[in-house]
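Please look over the sequence and the model below.

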Amino acid sequence: MEKKALEGVRVIDFTNGAVGTICTRRLGSFGADIIRIESKQYIDSMRLMSGPDHFHRTAPFTSAGLSKKSITVNMKEPKGVEIVKKLVKVSDLFIENYGLGVMESWGLDYPDLIKIKPDIIMFRTPGLGLGGPRSMQRTQGPLLSSLGGLYHLWRHPEESRPIGSQVIHPDFYAANTAVMVILSALDYHARTGKGQLIDLSQAETVSSLMGPIYLDYTVNNRIPEPLGNHSSFASPYGVYRCKGDDKWCAITVFNDDEWKSFCNAIGNPAWTQEERFDDVLQRVKHSNELDTFIEEWTTQYTPNEVMEILQKEGVTAGAALTTEDLIQDPQLKERGYVVELDHPEAGKKSYSSIPMILSETPGEDFCCPMLGQHTEEILSGLLNMKTNEINQLAEDGILA
Amino acid sequence: MSEHQNFNKALEGRRVLELSDGKGLYCGKMLAELGADVIKIEKPEGDPTRKIPPFKDDIPHSEKSLYFAYYNLNKRSVTLNLDCLDGQKIFKKLAETADIVIETFSPGYMKSIGLSYPELKEINNGIIMVSITNFGQSGPYRDYKASDLTAFAVGGPLLQSGDPEKPPCACPGQLAYDSASLFGAQGALFALYHRNLTGQGQHVDVSMQASVVSATVDWGIPAYSFWDVAPLGSERMPKRQGSKGAGVPGDIHPTKDNGWVRTVVLSPWQFRRLTDWMGNPDSLADEVWENFIFRIMNRDFVEGVMDEWSVNYTKEELREGAFERGIPMVPVQSPAEFFNDPQPNARNYFVEVNHAEIGKHYYPGAPYRLSETPWQYYRPAPMLGEHNEDIYQNGLGLSKNEIIALRANGVI
């Protein structure tokens, strides 16, 4: 049995949507005992994304729900809230991302929790953070990169309209940042016995990824402009069309030595000897023309071929991969990054696992829970309830 | 460090040695912001990242790179040449009292200079070594080179970003590098918790490619895999859709003051509150429009109606109106606008940093707050070798003459 990094850590999980659930999943991957509080009456919207019949097997939930347990509790009933409070007493972390006010209404705000367990660590992540005039704003992932300044700049330089991405990276990035901060609080607790309240603003997570851009504004008073796929100081640098429909490869060359390698890799065609591509400054100045020539070459090959040919000569190139490509990628396979797990209804399915490999405590995922799957186990195991007690609660609608 | 102490930074007393290029800068920064003592080890002639623009007043200077200033806030700096025996010995001395080492060298390099994880473990049993590489320590792409842009490509998000009729468009900033850093920091802290329980250190092998997948398109793989039992849409691998995102309306819409707002309208009641606000247009009056799937099938029409309406209002009018009605709609803010936004400022998100060469200016701070151990700014990015005396003389006990000799021989 593999050792677990977070052996003995227990988490009360009141998360929905993306950020909170991804955060607790990561803690679960490394061995924390995640108790997800759910409800049969108010099923998480992520479970429902494929429609009401698929709530055990909808992809975002099956992934974000990995490595956790599920108990259903009716929070409208005082006895339901009591059960949660008893679970808090034997837990180390309380993580929630419901809108502000919900935990308060159940008497599970931080001041309430520390009465039950003084050294608890609570983590809350409303989209815009606690405090401030807009903390009650309802937010979703794409809105955060709009507020934080990222979206505005996400376009090709010649475009007047921001374009962005369908990728929801603010959610993933914020969730994983939360994990890191929570771990530091766990370290502090291990050394001092003190808990605390942590909050994360998802919009601020986005802007923290744009530090130098913000500094250019605050220090140099310069309004940031979009760069698209270009660099202000390197050329060739961009995304080049390859053979096939919507096939691309990114190539970046930083100095004269790399340029020589690049020219060798593509067979030293005559145009590479032209004076206008002689040195770094010239190449940056004439980057548009350079890009046109390069695409004449790249369009003859698939993205993987371009990457292979260039990498052989030590040139930095990366094929733009699809989801299918990622699943079949030989490098990710080597790392065991794509894992297959058995799902009770859907059978063997694939997931993204863990991007870092720890030598002693590697981390491992198990399948997401069916709704309320662990209700009995948790009530009898952690709260020492007898079967007839549990049955009575179920009859009284407390476990709905 | 096992006694209960009264300190007010989460990672106070934890020492980190950082040997990083762009892939590991944010890793050290995040640990430094949480209170660790992060010592950046630079080549005697200066770390190459000091050459990265923008510069203060656009004047290239090793102490004026705003890139360096941001990513190295709170760190200390020593110079050290690791390619010589003296340098390697000094590093080993530093490793004796280090908790974490972050390095971004190509696989095999640290071993070639006698500083691999097993060798450092001999010196300090509990040491945690975080190795951040392009693709990992082993595998068919082990020796492939990568930059932030190429990693964004091989990690999956590039193809899904931008207009479907145009080349895909990369994200501003250095998201690939920062993702690798983020998982490096996570790995270090998982290992640290384990060490608290067992005394055991470990080696953390971070792949930038895998980090990009987990930080951007993590759900793409299960979505693809589960498609046959629970599809999320009509296509197994949807092509990028430009600015169209979640929700309908779920796009950006023009405003009267030449700006944009973004919406993510999902539920029927959100939709009705919006159409109420719009004055109940006939074109969207029928009940069928409340059905999300129906709106998706007629997406262009709905987004068009939104565009015609939104253009009559300013960004602020739309923001306030949406906030009052609980509708997910916000302005698309430029960095300058977010800088002046009352919300982050009420949280003191932007901090004023005083740097000897760059001056006193506002920097984005950390996006989180901890009630007992708040994140702190306590020193600007360091000058080159600024802490040589502190760390080599006071810390390691090297004499002034030894330091001069090391300097003369290019060791520090």
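## Helix H11 of chain A

Just past H11(A), A:Gly267 adopts a positive phi of about 90 degrees. The model is predicted. Helix H11 of chain A spans residues 256–265. At its start, a side-chain oxygen of A:Asn255 comes to within 3.2 Å of the backbone nitrogen of A:Asp257.

Which residues of the helix are buried? They are A:Glu258, A:Trp259, A:Ser261, A:Phe262, A:Cys263 and A:Ala265. These buried residues pack against four elements of chain A: strand E8 (248–252), helix H12 (280–285), helix H13 (287–298) and helix H14 (303–312).

## Interface of chains A and B

The size of an interface is often given as the accessible area lost when the parts come together. Here, chain B and chain A bury about 13700 Å² between them. Carbon and sulfur atoms give 63% of that area. In chain B, B:Phe190, B:Trp219 and B:Phe226 lose the most area to chain A. Together they account for 6% of what that side buries. The contact draws 160 residues from chain B and 155 residues from chain A.

The rule finds 14 salt bridges between chain B and chain A. B:Asp58 and A:Arg222 meet through their side chains in a salt bridge, at 2.8 Å from N to O. Which element gives the largest share of the side of chain B that touches chain A? Helix H7 of chain B (residues 175–198) does, with 16 residues.

## Aromatic pairs

A pair of aromatic rings is described by the distance of the centres and the angle of the planes. Over all chains, the structure holds 32 aromatic pairs. B:Tyr141 and B:Tyr144 form a stacked pair, with 4.6 Å from centre to centre and 5 degrees between the planes. B:Tyr141 has a relative accessible area of 9%, so the residue is buried. B:Tyr144 is also buried, because its relative accessibility of 16% is under the 20% cut-off.

B:Phe339 and B:Phe350 pair edge-to-face. Their centres are 4.8 Å apart, and 70 degrees separate the planes. This pair links distant parts of the chain. B:Phe339 lies in helix H14 of chain B (residues 335–339), and B:Phe350 lies in strand E10 of chain B (residues 350–355). The two are 11 residues apart. Both B:Phe339 and B:Phe350 are buried.

One aromatic cluster takes in residues from both chains. Its members are A:Tyr214, A:Tyr217, B:Phe338, B:Phe339, B:Tyr349, B:Phe350 and B:Tyr362.

In chain B, arginines also sit over rings. B:Arg50 lies over the face of B:Phe68, 4.0 Å from the ring centre. B:Arg295 places its charged end over the ring of B:Phe271, 4.4 Å from the centre.

## A loop glycine in chain A

Where does A:Gly336 lie? A:Gly336 sits in the loop between helix H16 (330–334) and strand E10 (338–343) of chain A. Is A:Gly336 buried or partly exposed? Its relative accessibility is 36%, so A:Gly336 counts as partly exposed.

A:Gly336 and A:Ser352 are 16 residues apart in sequence. In space, 9.4 Å separates them, C-alpha to C-alpha.

Methods: Residues numbered from 1 in each chain as written. Chains lettered and ligands numbered in written order. Predicted model: local features only at pLDDT ≥ 70, side-chain atom pairs only at ≥ 80, totals over all residues. Heavy atoms only, no water. Phe/Tyr/Trp six-rings, centres within 6.5 Å; stacked < 30°, edge-to-face > 60°. Buried < 20%, exposed > 50% of the residue type's maximum accessible area, 1.4 Å probe, protein only. Lys NZ or Arg CZ within 6 Å of the ring centre and 35° of its normal. Contact = heavy atoms within 4.5 Å. Polar contact = N/O pair within 3.5 Å; in protein donor to acceptor, adjacent residues only side chain to side chain. Buried area = accessible area lost by both parts, 1.4 Å probe. Salt bridge = Lys/Arg side-chain N within 4 Å of Asp/Glu carboxyl O.
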